[in-house]
Structures are given as C-alpha cells and as structure tokens.
2 protein chains.
Amino acid sequence: MSGIRFYNARLLTMKDGVEIIDDGVLITEGERISYVGKKEDEPEGGSYFREIDAKGNLIMPGFKNAHTHSGMTFLRSYADDQPLDSWLNETVFPREAKLKDDDIYWGTKLAVMEYLTSGITACFDMYLKPYAIASATEECGFRCVQTGSMNDFSQSLELQEEWYDRLNKGNPLTSYIFGYHAEYTCSKELLEGLSALAHKYESPVWSHNSETLSETERCKEKYGLTPTGFADSLGLYDHGGGGYHCVYLSDEDMEIFKKRGLYLVTNPASNMKLASGIAPISKYLKAGIGLAIGTDGPASNNCLDMFREMFLVTGLAKIIDKDASSVPAEDVLYMAVTGGAHAMGLKDSDVLDAGKYADLIMIDLSKPEMQPLNNIVKNIVYSGSKADVKMTMVAGRILYEDGNFNIGEKPERIYSEVNKVIEGMKD
Amino acid sequence: MSGIRFYNARLLTMKDGVEIIDDGVLITEGERISYVGKKEDEPEGGSYFREIDAKGNLIMPGFKNAHTHSGMTFLRSYADDQPLDSWLNETVFPREAKLKDDDIYWGTKLAVMEYLTSGITACFDMYLKPYAIASATEECGFRCVQTGSMNDFSQSLELQEEWYDRLNKGNPLTSYIFGYHAEYTCSKELLEGLSALAHKYESPVWSHNSETLSETERCKEKYGLTPTGFADSLGLYDHGGGGYHCVYLSDEDMEIFKKRGLYLVTNPASNMKLASGIAPISKYLKAGIGLAIGTDGPASNNCLDMFREMFLVTGLAKIIDKDASSVPAEDVLYMAVTGGAHAMGLKDSDVLDAGKYADLIMIDLSKPEMQPLNNIVKNIVYSGSKADVKMTMVAGRILYEDGNFNIGEKPERIYSEVNKVIEGMKD
C-alpha cells in the first residue's frame, strides 16, 4: 500500500521551466514522490491510502519562505506606522528580551498555520531558542531550516556549534545553517570565530546584509568595506551561504555573490513597510545571482504570504526599471519555489519529481481570480492569493486542506496562547 | 418580520474613526440597516428572517473599488510583462474592438465574483456597453456606479446623456456619472460638449488623469496646461468629480482638486505593473484632498483585490517618503471604505448606521493572519487578504458567504463563458 494518489491534476513540476502537464497523476510514498507525470504513463497496479480527484486544479511544488522570524507573530500589528528606530529599540527589543521558550513555541506554530494557508512548505527561520522552534515546526509536520541570529548580546559560537550538531542529526524536517544577525551587531572577533566554525564544518553562512543604506555606509566607515566585502574578507563565505534583504549591494558585492555562489533573499514587503528601500532585483537577476524570496518576520511585514511578496518582487522591479516587461512572472515563480529551495539547501524540495520530497500544494483554479485560464503561471503571480490554496502537503502529509489544519493542535489553542504572550508584555 | 440579525459581532462602523464596538448587534431591514450598536441597547421584540452568530468576527462597511474596468477580465494574464505601448496597442485595443454586449456581460459577472471575495460591495466602473454592465451587476445584486469612457473613437455626448438619464432612473443599485477616457484621447470640442452636459445636469465629471509622465508632458505642450488645469479651464469640474491614477499632479493641480472638491482615486498595483510611477499619496493626504482606492482593470493589475491595494498605498508611501510612519493604516482603511463611497456619490454606503444601506462585510478573525488581536484595523490593512472575507452583503442581501456565491448564476457557467470570449479572439 502506497501513499496518496492525485488524479485529474494539472501538473507544474518546475523541472522544465513552467510547462504544464494536463491530465496528470502524482503519487506519494511515505514522505516522497513516487510518480509524477501523464496519466497514460502511470505505473499499473498501485493501491493507495487515499485517492484525490484534483478536478483539474494545479499541483505544484510548495513555496519556500526563504527569510523569516516566525516566532515574532506575537508582535503583529503591535508596532506599525512608527519610524524604524523606535520600532526596533522601543517596541521590539524590550519585548523580545522577555521571551520564554514557550512563547516562541506558540508564536512559531501560529506562523506555520499561516505559511500553510499561503502554500509555503518550508521556511528559513532566524530567531531565538532553536529547540523551541524545532519542537513547534516538527510537531506541525512542517519543514524548517534554521539559522543563527548570533550577535554580541545573544547566542554564541558554542551554542551555534551545539545547534548545528544536534539539529542536523535529528528529525529530517529540521536542519541548521550557521548565521549571524548582521555586521553591525557583531564584533570582528565574533565573526572570525564564526568563520572558523564554517571552515571546520564546511558550512555556508547567512546574515542580514545591506538592508538599509545607513547600515552599509557605517560598515564602510568602520572597516573600509561593505558588509558583503567585510564578511568575505573574514572567509565567512568560503563554503557559500548568502544574505537577506540585500537592498544596497555594490557591483563588487555582486561579484562576490557570484564568485562564492551566494544566494540572495529579497524581502520586498518588509523593505517597504520599514521604508528601507527597493532591492534592484532585475540587476541581480541579470547578473546571474541565485535569488529567493522571504516574507521577513510578522512584526515588520506583517503577513506571511508568498503571493503578496511575488507581486511586489515584479511590481517594484517594473517601477524602478521604468519597464513593464521587467522581471516576468516566470522568473518570480522560480525564485519563490526552486530558488528558495536551493538557497535553503533543500535539494529534494525544489521540483516535483520521483524521489523528491512530497512538499507540494494544490492551487484552486475554480476561484474567480484564477479565471480565465489564459496563463496559469501569470494568474498565480499576478492575481494569486491565499484564497487560492486548496491544499498544502509537507513530506507526504497533508497539513492543510480546504481551510482545515492537520497540525496536531487546534487553532483556537494556538491563538489563545499567542494572545497571552503579548498580553503579558503590554505596558 | 425584519431582515437579518447579526449578534456576537465586533463592529467597526467607521462613524467615529476606527473605534471597535464589542458584543455588537446589527439588524437589516430590506436593503438598509435598521440597528447597529451594543447588544444592550438593541430594540426589543424583533423577529428576523435569519439570525447569524458572528462568533466575535468583525462586521464593517464593504470596500469600494473606486476605479475599475470590470469587463476586462477576459484579458487577465493575456497581456503581461510587456511594455505599455505594445500592451495597449497590440493586445488590448484590437481585442476590445471585437467585444460584444454578451462578452462584457460575462466578463463583468466574473469581476463581481472576485469583488465579493475581496469584501468589495460597490465598484466605480468605466467601460464599454453600459447596459450590458448594468444587466450583469444588477442580476448579481451588486452595486455599481458607472462612468463614461468617451473619447474621439468611442461613445458620444448623445450616448452619455441617454445613459445618464436611463441608468440614474432604474435599479437603485446602478448609477451613472459623466466621464471621458482621458485628455489625450479626446478633442477639445468633445470635452467642451461634455462640460455643457455637466452644467446642464449639474453633474460631476471623471476621467483618467496624469497616469503617466509623458501624458502629462504632452498635454502641457499641446495646451500649455496640465490635464487637470485643462479640464478645469473647460468648466468640467464646476460640479465636482475627480481623477483616476493622478500619479503626476502639480501643486497647482492639487489646488484645483481642493477648490473644486474633487476626489482622487489611486491605483497603485496597476501603476506598478505598467511601470507608470508612484502617486505621492502622503502629499495628497496632507493637502486634504479626498482620497479613494481602485484596482484598475484586471488586464493591468491583474487581480481585483482591495487588500493588496491597501498594503500598496501605505507601503509605497513609506518607501518614497523614506518614513515608516507615513500614511498609517487607519487613513488607508478610510480611503478604501468611506473615501471611496464619497468619491462615488454613495452617501448611504459610507459607514454602518441606521438608515444606511446594508453594504457590509464580515472579516473572519479566526484566520491565522488576523491573530493575535493586538490591533484589528492594522491586521486588516497589513496582513488581511481575500482569505479573511467570510461574508459580503450588498443592499441587505448576502451575495457571498463562506466561499459560496449567491448571485443567480453558477460560477462554472461564468468561467465557461469568459473563457469562450478570449478563446474566440486568440491569434
């Protein structure tokens, strides 16, 4: 007895660009895909735990949220419409300092719920208390790549090494990559120590990078190098990695990204809402830098929705390039799905193929904004929304279907706990 | 026997800013609201056609889509990622020339479906074949203010007068306001004729205005006046009206808007996708100009979603102002609801109050992105989506509820017809 068989599906495997297979079948076995393709080529004689009539709807690989701070859901709509400095120093930092393991556990579960409704099957999470995060995501059945947010005041090299060791050896839904918060919150010595760790384990390194102009300018004043140049000078990128935000990369920074094979995660909604700027995505794309998309955390976005981010990636590029043909929908979808998987080291979650993880979603083509069917990919990128996600599956398990969650916990409990977290912190 | 009674509701009436009433009751009678307020002040002894437990969810006035071309749904995702000139001249215009009444009728019904899913209870529609549009919207039970898209090649003064007369005397769901496509598609003589009509009926006049820089520059070269200044010099604004887009207003234009009491409808997604520019909304807001929000048509946006537009209004303002506190959520919500109603002449659809039309929506606060409940208004503007719209009511009739439509026609039929329209036009 195999897993689940979907039939009557349109398939967007993303193996070969954005070609769509009609009358497709997809079969899972355990946590992986055992068959995906035309019904006429389907292996004979299978029996299944469940058969699902996709009714012509689209099955595609799930979106990858390639930068987030999931546990910050407790601060959603608590710190908006205020300047960045007061947002960070008066609202966010004092409350984060009070967070307990349980607070992050519940906040992360709330974020996972929203990811699932937006067709996101994995997130690249940078936050506090990695074991609490792993408990939350694993109990939900959700895939999570964690990275460090180490800085001079929080986390340490010893802890990063412990997390790297333990979180990469446990549940296959969880992995860990070295990371630091940002150049401006870390001493040179701390980053030299992280470089040594990266060399010891031949691991990539990630961080916030060139999110604001002032951050970039201050780094140049301090070290005579950009944040990217400085990190590279310390050997942090000798085994790859990448940067979040990257609104203000220089041409030399772009050369480093290409030379080291670094990935760049753009966070357009957060960069707008915090007035940080607009990343020149078409320039990065033309340079051949590997691109992915992230929502950033719910305190700065505030929603965790890949559809909004996808529209912003192309819409903002069109505006700053003054060119309505800039960064077409197909490129955006690649960033949101396959590009994200590659950035996060999820080589088995990038496309639909036999042997790959069954990390996939069903898009409901019977919603008004998905009609007419002139071009399904452009429909998804330009008019898609959470309302179009009919089902989200991670590692062969359906975690969200027709508005209902299957994550081992009732939504009401999660809401109640997260409301308690912030209530306990209000002034 | 009265209409429908909602209880256990949170109420955002928008009568007094964004204050929310807990444990509220709202009662409809026919097409209007008969009571809205605290449960404890509810009139005694009513009997109702239906009672609905809102379960703590939010009831608020519906959004007003203050600029759209509904019938263009047939072109969704058919003309993307191409420069504006070829988009308009090679894709849009040749196909619009082939449109029949029935094509616009079905395309409009598809748009209405999407409006309802986005909590939009009225649209300000500028398109071809007004009787076909009115048939479609009225049969759905949807409120629609139409305006002319007259230009040198299509529509005429005689037709506008006929439409004004007939569409303002028929079904109260429909109304008509004089309008022209844009300065650059109309001769001076035609606009002088429209001004005479506006004076005869003491009616406002609307048009596309200063959508692109080149349009604005060319008008100045031709007439020595901006599109706003030129229209005002012809007396077109003597009885009010307004402009769509308005990306490039001069200080003098803003003075005319204030002096004539004109409304300005911003269309941020369309302006991004067609690379037209970013309207300086905080400047217009500070000047005291009446503001509203529109999606523009589905060929240029491509979705008809007020949530995405609301985020863009504030996000783009924050970016161009380099100020994360610019255009706060409360101002954006006012534009999307009350501002839109006032721009469209819908004085009885602007807020929830006894005697006003029951044009209202229920927002599902049990969705993950609506939690925690730190600030419901900021939740709606920053993390709201179509997925959060539980119910949409127009003129006392529930047209959309829990994903199901009550518009007198099956979705499948509408999809089938709209797909036929575009299939018949493909090269």
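A crossing of two helices is termed right-handed if the near helix is turned clockwise from the far one by less than a right angle. In the predicted model described here, this sense of crossing applies to helix H4 of chain A where it passes helix H5 of chain A. The axes of H4(A), residues 157-167, and H5(A), residues 188-201, come within 10 Å and cross at roughly 25°. Since angles under 35 degrees count as roughly parallel, H4(A) is therefore roughly parallel to H5(A). On the side of H4(A), the contact is formed by A:Leu157, A:Gln160, A:Glu161 and A:Tyr164, and on the side of H5(A) by A:Gly193, A:Leu194, A:Leu197 and A:Tyr201. Sorted by class, the residues in this contact of H4(A) with H5(A) are five nonpolar, two polar and one charged.

A right-handed crossing is also found for H2(A) and H3(A). Their axes come within 8 Å and cross at roughly 35°, with H3(A) spanning residues 130-140. H2(A) contributes A:Asp101, A:Ile104, A:Tyr105, A:Thr108, A:Lys109 and A:Val112, while H3(A) contributes A:Ala132, A:Ile133, A:Ser135, A:Ala136, A:Thr137 and A:Cys140. The contact of H2(A) with H3(A) comprises seven nonpolar, three polar and two charged residues.

In chain B, helix H12 (residues 329-343) and helix H13 (residues 376-383) have axes that come within 9 Å and cross at roughly 70°. This angle makes H12(B) roughly perpendicular to H13(B), because the range from 65 to 115 degrees is assigned to that category. The residues of H12(B) that take part are B:Ala329, B:Glu330, B:Val332 and B:Leu333, and they meet B:Val377, B:Lys378, B:Ile380, B:Val381 and B:Tyr382 of H13(B). Seven of the residues in the contact of H12(B) with H13(B) are nonpolar, none is polar and two are charged.

With regard to the overall fold, chain A has 14 helices and 17 strands. Its C-alpha atoms fill a box of roughly 65 × 45 × 45 Å along the principal axes. Among contacts in chain A between residues at least 6 apart in sequence, 73% join residues at least 24 apart.

The contact between the chains takes 55 residues from chain A and 55 residues from chain B. On the side of chain A that touches chain B, the elements giving two or more residues are helices H1 (84-96), H2 (101-117), H9 (268-273), H11 (306-321), H13 (376-383) and H14 (411-423) of chain A. H11(A) gives the most to this side, with six residues. The class composition of the side of chain A that touches chain B is 28 nonpolar, 14 polar and 13 charged residues.

Individual residues were examined for their surroundings. B:His67 lies in strand S6 (residues 63-68) of chain B. With 28 other C-beta atoms within 10 Å, B:His67 is buried, because the threshold for burial is 20 or more. Apart from neighbours within four places in sequence, B:His67 is in contact with B:Phe124, B:Tyr244, B:Val265, B:Asn267, B:Gly294 and B:Asp296. B:Gly294 and B:His67 are 227 residues apart in sequence, yet their C-alpha atoms are 4.3 Å apart in space. In chain A, A:Asp402 occupies the loop between strand S16 (397-401) and strand S17 (404-405). A:Asp402 is exposed, having 10 other C-beta atoms within 10 Å. A separation of 6.4 Å is found between the C-alpha atoms of A:Asp402 and A:Met391, which are 11 residues apart along the chain.

Several backbone features were also identified. Most residues other than glycine have a negative phi, and most peptide bonds are trans. The peptide bond from A:Gln371 to A:Pro372 is cis, with omega near -5°, and A:Pro372 is located in the loop between strand S14 (360-363) and H13 of chain A. B:Asn301 and B:Asn302 are likewise joined by a cis peptide bond, with omega about 10°. B:Asn302 lies in the loop between strand S13 (290-293) and helix H11 (306-321) of chain B. A positive phi, near 50°, is adopted by A:Cys246, which is placed in the loop between strand S11 (241-245) and helix H8 (251-260) of chain A. A:Cys246 counts as buried, with 29 C-beta neighbours inside 10 Å. For B:Glu202, phi is also positive and near 50°. B:Glu202 belongs to the loop between helix H5 (188-201) and strand S10 (205-209) of chain B, and counts as exposed with 9 C-beta neighbours inside 10 Å.

Key. Residues numbered from 1 in each chain as written. Chains lettered and ligands numbered in written order. Predicted model: local features only at pLDDT ≥ 70, side-chain atom pairs only at ≥ 80, totals over all residues. Helix = DSSP H or I, 4+ residues; strand = E, 2+ residues; numbered from the N terminus. Contact = placed C-beta atoms within 7 Å. Nonpolar A, V, L, I, M, F, W, Y, C, P; charged D, E, K, R; others polar. Axes fitted to C-alpha atoms, helices over the stretch in contact; angles between N-to-C directions. Parallel < 35°, antiparallel > 145°, perpendicular 65-115°, else oblique. Buried ≥ 20, exposed ≤ 12 C-beta atoms within 10 Å, placed from the backbone.
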